[in-house]
Amino acid sequence: MSVSPFAEHTTRLTRSLINALVSEHDDAALASRVREIAADLSAAAEDPSVVEIRDPMRPRSRFRLDLTPASSARNPIAPPLEIRHRVRGAAEDDGTAESYADVVLPLQYQGPPGRVHGGIVALMLDQVLGDAAHASGLPPAFTRELTLTYDAGTPLNSTVRVSGRISRIEGRKRFMEGEITADGVVTARARGLWISPREQSAPASSRS
Ligand SMILES: CCCCCCCCCCCCCCCC(=O)SCCNC(=O)CCNC(=O)[C@H](O)C(C)(C)COP(=O)(O)OP(=O)(O)OC[C@H]1O[C@@H](n2cnc3c(N)ncnc32)[C@H](O)[C@@H]1OP(=O)(O)O
């Protein structure tokens, strides 16, 4: 489901407000930034129907109404991840279907200085592996297990790539794997298990 320009514009301004709150420690400077953002919010709210935005997020998520804190265009706490789909080329592998997102994480996602918070790293991998687990034709499934390995700090303020793919399927179980890379170097790896609830995966004739 697409997000209106007004909603996406308001979400972007709210992200700017969140960023100002963590970046600006001088109250006078913060107040000035808050006034600017508040004026922009009010101006758009005067007539939502005329709001236009540059480069809107294109909803490629496999989930129809995406409100998640990871990839929603209308949720201000989402970075947001703009998830795409591809088949890995011969240089990297063997034609495996993959979900991936290139994203820049600003200061509000910081854990240790200069590094992305480990919980946000897990959030991003959960979302991208979850998207990959829903490759066409597969029934809905939930994360049952997610194991993270943090190999190096994931940097703030520069583009990182979050990728995920199915490694094998056994009945209702989908075993997933993925990683985050920065400048081609792996900073975090994930392995996970997604399971379809019994009623989702049962043959139609056996459903009551
Ligand atoms: C309807 C869905 C809509 C979704 C489409 C809307 C999406 C909208 C946006 C979402 C975007 C995505 C976001 C990211 C993904 C989340 O964040 S998902 C949210 C977080 N996860 C959850 O809430 C899941 C909570 N857990 C559950 O609900 C249930 O445990 C599950 C996953 C449905 C599984 O329930 P169950 O079928 O009762 O599980 P159970 O029988 O114990 O295990 C199944 C089988 O797996 C085996 N197993 C269990 N654990 C393991 C293990 N660690 N290793 C190996 N085997 C194992 C069991 O032995 C069993 O084997 P069999 O006996 O069948 O041979």
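A residue is buried if 20 or more other C-beta atoms lie within 10 Å of its own, exposed if 12 or fewer, and partly exposed in between, with C-beta atoms placed from the backbone. Helices (H or I, at least four residues) and strands (E, at least two) are DSSP runs, numbered from the N terminus. In soluble globular proteins, nonpolar side chains tend to be buried together.

Residues are numbered from 1 along each chain as its sequence is written. Because this is a predicted model, local features need pLDDT of at least 70 and side-chain atom pairs count only at pLDDT 80 or more, while totals for chains, interfaces and linings use all residues.

Now look at Val162. Not counting residues up to four places away in sequence, Val162 touches Leu81, Tyr100, Ala101, Val103, Met124, Leu125, Val128 and Ile180; contact means that two C-beta atoms, placed from the backbone, lie within 7 Å.

Glu145, found in strand E3, is exposed, with 11 other C-beta atoms within 10 Å. Leaving aside neighbours within four places in sequence, Glu145 is in contact with Gly192 and Leu193. The C-alpha atoms of Glu145 and Leu193 are separated by 5.0 Å, although these residues are 48 apart along the chain.

Asp55 is in the loop between H2 and E1; its phi is near 55°, a positive value in a residue other than glycine. Asp55 counts as exposed because it has 5 C-beta neighbours inside 10 Å. Asn157, in the loop between strand E3 (142-150) and strand E4 (159-170), has a positive phi near 60°. With 12 C-beta neighbours inside 10 Å, Asn157 counts as exposed.

Finally, an unreviewed UniProt entry lists residues 114-184 as "domain: Thioesterase". UniProt positions are given in the numbering used here, feature names are shortened, and annotations may be inferred rather than shown by experiment. Over residues 114-184 the chain is 23% helix and 44% strand, and the end C-alpha atoms are 18 Å apart.
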